[in-house]
Amino acid sequence: MKFGTKAIHAGVHPDPTTGAIMTPIYQTSTYVQRSPGDHKGYEYSRTHNPTRTQLQDSLAALENGTHGLCFATGMAAIDCMIKLLEPGDEVVATNDLYGGSYRIFTKVFAKYGIKFTFVPMHDVAAVRAAVTERTKLVWAETPTNPLLHIIDIKAMAEVAHEGGALLVVDNTFATPYLQTPLDLGADVVMHSLTKYMGGHSDVVMGALIVKDAALAERLAFIQNACGGTPGPQDCFLVLRGLKTLHLRMQRHAENGRAVAEYLRQHPKVGQVYWPGFESHPNHQVARQQMRDFGGMISFVLKTDKIEDAVAVLEKFKLFSLAESLGGVESLSGHPATMTHASIPAEERRKAGLSDSLIRLSVGVEDAEDLIEDLAQALG
């Protein structure tokens, strides 16, 4: 099946009891057994739930994987992944990553004896130099949050596998509509389904998708044992969102291009970060591994003053100032004080994240209206 067809049909089937074409919300905690251990595949909803099962199957199909696992949040998915490790193990991660990932790595798991090294992953040599015999995971985001750095997934897979490590790719910004990391050698794809996959700013959820059955079994054990699983209502909402993923992502990418081009020529705007520009670092890698360049854009004003950035953010009418991204509505954010505030200022600046940087999640509104909003806010 082509992607649009998979988004609607793959992994899901009509309800066997009623024929309902939409997956029902199985709002139940437990399941009646005919005899001890003799059941219909479901015992308790922390372990399995029919609504969640169809969502997990659909996600696996969209990412060209074989096993999907859903979690109550994206952070719960990350938590499960790191719990595969033991004290003394090491993780090499990109130095430009979501603040919540940095926080759980450094503030939660580091105290249990897991070492995290942060390197600029657009530099393959720097990653290879950071990998040791204790490295068990290489953790990549591409495009990164919020500087939209492009990381070569094939190259990262080679480096990770040379050292006997797994490559995990956070595919939240791109979604499987724009790239499928498992096809490029990644071992695990991680998602904050809260963002583009759900797409409507009405649910919080995370996921891990893999191809290896043994790895899936290990992750499923932790998923069940630790219990960070989502409820059926939330699973229903993400299933519904997936059915229009291809339509939404196409419009996000079209609008993203229009907004990026407008910002690049605006006299008050300095640097614009968007992977679709030929001048963007690793643009050629993006062309090879992505099908389009998405609707995430970051930019810095020429003055590079935080107070000027705040003034722009306060003037927006359509680009609502809010945490998160990937919904149908356009959002704006100030990473230094919002999504990335948990990363020390010195580390942010070292990674190139200016305190005046503005991040845009370009929605699916009419592009002309979005550009008009930018024009009035920039003045």
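Which residue in strand 6 is the bridge partner of Asp170? The partner of Asp170 in strand 6 is Met190.

## Model and confidence

This is a predicted model, in which local features need pLDDT of at least 70 and side-chain atom pairs count only at pLDDT 80 or more, while totals for chains, interfaces and linings use all residues. Residues are numbered from 1 along each chain as its sequence is written, and side-chain values use heavy atoms, with hydrogens and water left out.

The pLDDT is the predictor's confidence in each residue, from 0 to 100. The protein chain averages 96, and 100% of the residues score at least 70. Helices (H or I, at least four residues) and strands (E, at least two) are DSSP runs, numbered from the N terminus. Among the elements of the protein chain, strand 7 has the highest mean pLDDT (99) and helix 13 (residues 345–350) the lowest (74). Where pLDDT is low, the predicted coordinates should not be read in detail.

Seven strands form an open sheet with mixed pairing, in the order 1-7-6-5-4-2-3. Strand 1 and strand 3 (115–119) are the edge strands, each pairing on one side only. From one strand to the next, the twist averages 20°. Two strands pair if DSSP finds at least two bridges between them. Strands 5 and 6 run parallel and are joined by three bridges.

Strand 7 (residues 206–210) has antiparallel partners in strand 1 (residues 67–71), over five bridges, and in strand 6 (residues 188–192), also over five bridges. Leu208 of strand 7 is the bridge partner of Leu69, and Ile209 is that of Val189. Five of the five residues in strand 7 are buried, where buried means under 20% relative accessible area (1.4 Å probe, protein chains only). Gly206, Leu208 and Val210 lie on one side of the strand, and Ala207 and Ile209 on the other.

Helix 6 (residues 153–162) lies across strand 4 and strand 5, at about 150° to strand 5. Its buried residues include Ile153, Met156 and Val159, and what covers the buried residues includes helix 5 (124–130) and helix 11 (283–289). At the N-terminal end, Asp152 caps helix 6 with a side-chain oxygen 3.2 Å from the backbone nitrogen of Lys154. Gly164, with a positive phi near 75°, follows the helix.

Six of the six residues in strand 9 (residues 296–301) are buried. Met296, Ser298 and Val300 point one way, whereas Ile297, Phe299 and Leu301 point the other way.

Strand 9 pairs in the antiparallel sense with strand 8 (residues 269–273) over three bridges and with strand 12 (residues 358–361) over four bridges. Val269 stands opposite Leu301, and Ile358 in strand 12 is the bridge partner of Phe299.

Key
Buried < 20%, exposed > 50% of the residue type's maximum accessible area, 1.4 Å probe, protein only. Contact = heavy atoms within 4.5 Å. Polar contact = N/O pair within 3.5 Å; in protein donor to acceptor, adjacent residues only side chain to side chain. Axes fitted to C-alpha atoms, helices over the stretch in contact; angles between N-to-C directions.
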